[in-house]
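Hi,

Here is the structure I promised to pass on.

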Amino acid sequence: MALLTLSNAHLAFGHVALLDGADFALETAERVALIGRNGTGKSSLLKILAGIDKPDDGLLQVERGLRRTYVPQEPLFAPAISVFDAVSEGVREAREARERFENHDGVDHDELDRLQTRLEALGGWDWERRVDETLHRLDLDPRQQVDKLSGGLRKRVALAQALVAAPDVLLLDEPTNHLDLDAIDWLAELLRAYRGALILISHDRAFIDATATRIVELDRGVLRSYPGNFSAYESAKQRELESEALANARADKLLAQEEIWIRKGVEARRTRSVARIQRLEVLRARRQARRDQVGQVRLEVATGGQTGKIVAALENVGMRYGERVLVDKLTTTILRGDKIGLIGPNGSGKTTLLKLILGQLQPTAGTIKRGTNLNVAYFDQMRAGLKLDATLADTISPGSEWIEIGSTRKHIMSYLGDFLFAPERANAKVTSLSGGERNRLLLARLFALPANVLVLDEPTNDLDIDTLELLEELLANYAGTVFLVSHDRRFVDNVVTSTLVWEGDVTPGLWREYEGNVEDWQAQRARVRASAPPPAPVTPASAPAAAAANAPAPASAAKPKGKLSYKEQRELDELPGRIEALEAEHRTLEAALASNELYAQGRDKIAATQARFTEVDAQLLAAMERWEALGNR
């Protein structure tokens with residue numbers, strides 16, 4: 001039996017139907033990713049499933065005693081509340097029941113029995129231990145005030161509050177917003193191990209692939225279900241769209257033929273004409289009721305004049321705030337056309353480093369030489385540049401109905417239409433927009449500015465997947481320089497050509513440059529850490545010897561090449577065949593996951609195939625790295 005079932009649900013805001021006879025069922029231990037365009041009603045649907053809102057029509061059936069916990073995009077907490085108290089709100093019922101049981105003056109015996117039974121069901125006797133364990137697991141300081149935490153840590157507190165309640169169904173709205181790459185990996189691991197059912201809204205494709213067992217798309221008021229991960233959904237969705245377009249084209253052609261016939265006049269016998277006229281009425285009604293696929297955003301950026309070949313040259317740059325070192329001895333050169341991803345945890349100094357490169361801050365050590373003719377356009381993740389009481393038209397082009405992009409002159413209504421804003425919304429206030437629509441508006445204003453350097457600070461938050469893919473394509477073909485701060489791994493992988501990575505856990509303020517994308521950086525870092533010998537403990541007596549051991553080795557000794565043992569030589573000879581076999585199995589499993597046949601064989605078969613694919617992927621990477629290591633020797 002399903003944990004919760006939504007039947008024939010209807011929900012409308014104004015003349016737009018967000019839910020139009022939608023049906024949904026959630027099974028035990030399912031992990032469902034809810035996707036769709038911005039403004040289609042995903043958050044509204046999640047609130048309905050959480051029991052917070054109600055549909056205009058339809059029925060929501062919930063299993064008796066089912067516990068649901070909802071975590072919104074932007075969690076709210078009481079002012080000046082500590083982390084421990086905020087997380088304890090997740091077990092409020094158990095806490096209050098125990099307090100009442102322990103202070104039972106005036107409570108009759110039957111009520112005490114009921115309280116004791118409820119306490120045991122809620123696990124209320126040891127709620128403090130559960131809170132402490134959850135805080136430790138999420139690496140949160142119970143004494144800190146929530147008001148003073150960063151957005152990523154506040155999101156962790158909200159997740160801790162939900163997890164400590166141990167609900168049967170966990171509902172998460174954009175859980176990866178404000179989380180860094182390591183935190184997103186941690187959350188994916190946590191959700192995979194979660195025993196309850198899960199419904200999440202996310203536009204992070206890599207995160208969905210790592211967590212979801214089913215994709216549910218909200219498209220034009222209807223829910224469509226796709227078993228498997230996001231990659232399987234993409235293949236199935238493409239086939240569906242092609243079939244839908246073909247069917248619509250046939251229907252439109254038939255309608256056009258019948259309209260021509262009716263205008264010529266009724267020429268055949270009366271009975272045949274009446275039937276044909278009735279069919280024409282049906283065709284007209286169907287065409288009027290059809291909700292066509294929402295158009296694509298049209299992205300075009302106004303490029304300023306070309307910069308010099310060198311955008312910025314940093315030499316031993318350092319930046320300190322008191323005792324805190326954010327940047328230490330950074331030397332790098334940024335050239336025109338570079339697309340650089342800045343990677344680091346929240347609070348590591350990514351924004352500070354950007355401001356140093358662009359000249360908005362001066363370093364406390366070292367020198368920075370900047371190129372000529374730099375026109376910078378800045379996308380701020382906090383949307384500070386948007387005035388909530390301004391209209392959409394004034395935000396894009398204040399005081400003018402026209403806008404110039406390169407050599408093209410566009411009317412403001414047409415330009416807003418490129419970003420999927422209807423003409424009648426041009427005079428609407430920014431405050432009426434959803435989070436994703438505000439990000440689209442900010443992109444529209446950004447791309448209207450003549451710029452040869454784009455700085456994008458978390459541009460992917462709240463953007464739908466279709467817009468993300470178009471933005472990826474635009475940035476990949478952009479002739480200027482791009483600085484990108486994003487925690488959407490696939491987006492970064494598809495855009496950047498190099499990364500600047502914070503490694504302050506090794507040395508305070510240390511930033512290193514790596515060629516390639518996130519995957520390349522992680523592979524290089526793993527190889528470096530695997531080859532580094534563990535540091536030996538240094539005592540005062542052995543300090544001189546340790547210093548001599550850590551001194552730079554002569555060039556001839558930099559890469560010692562020892563002779564392979566018999567066992568290692570045999571392993572090296574066998575590795576090519578093993579790699580070939582793993583690659584073949586990898587291709588077979590990948591094809592199986594992308595096909596529809598697998599998803600008709602049941603949940604156990606799907607899970608086993610996905611698990612084997614992950615295992616083979618890891619074995620293949622390890623075998624190739626081992627082959628390289630032995631070959632180098």
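One to start with: in which helix do Glu133 and Arg129 both lie, and how many residues apart are they? Keep in mind as you look that this is a predicted model.

The two sit in helix 5 (residues 127-137), four residues apart, or about one turn of the helix. As for cover, Glu133 is partly exposed because its relative accessibility, 44%, falls between the 20% and 50% cut-offs. Arg129 gets the label partly exposed too, with a relative accessible area of 42%.

- Asp185 with Arg489: the closest N and O atoms are 2.9 Å apart. This pair links distant parts of the chain, with Asp185 in helix 7 (residues 181-193) and Arg489 in helix 16 (residues 489-495), 304 residues apart. Asp185 is partly exposed, at 33% relative accessibility.
- Asp219 with Arg220: here the closest N and O atoms of the salt bridge are 2.7 Å apart, and both residues are buried.
- Glu89, Arg92 and Arg95: salt bridges that share partners join these into one network.

Next, some helix packing. Two packed helices are described by the angle between their axes and the distance between the axes. For helix 3 (residues 92-102) and helix 4 (residues 109-122), the angle is about 145° and the axes are 10 Å apart. The crossing is left-handed. On the helix 3 side, the residues that meet helix 4 are Glu93, Ala94, Ala97, Arg98, Arg100 and Phe101. Helix 4 answers with Glu111, Leu112, Leu115, Gln116, Arg118, Leu119 and Leu122. Sorted by class, this contact has seven nonpolar, one polar and five charged residues.

The chain has 633 residues, 43% of them buried, and its secondary structure comes to 20 helices and 20 strands. Of the contacts between residues at least 6 apart in sequence, 69% join residues at least 24 apart. The accessible surface is about 33400 Å², with 51% of that belonging to carbon and sulfur atoms.

Cheers

Conventions:
Residues numbered from 1 in each chain as written. Predicted model: local features only at pLDDT ≥ 70, side-chain atom pairs only at ≥ 80, totals over all residues. Heavy atoms only, no water. Buried < 20%, exposed > 50% of the residue type's maximum accessible area, 1.4 Å probe, protein only. Contact = heavy atoms within 4.5 Å. Areas by Shrake-Rupley, 256 points an atom, 1.4 Å probe, with all protein chains shown as cover. Axes fitted to C-alpha atoms, helices over the stretch in contact; angles between N-to-C directions. Left-handed = near helix turned anticlockwise from the far one by under 90°. Nonpolar A, V, L, I, M, F, W, Y, C, P; charged D, E, K, R; others polar. Salt bridge = Lys/Arg side-chain N within 4 Å of Asp/Glu carboxyl O.
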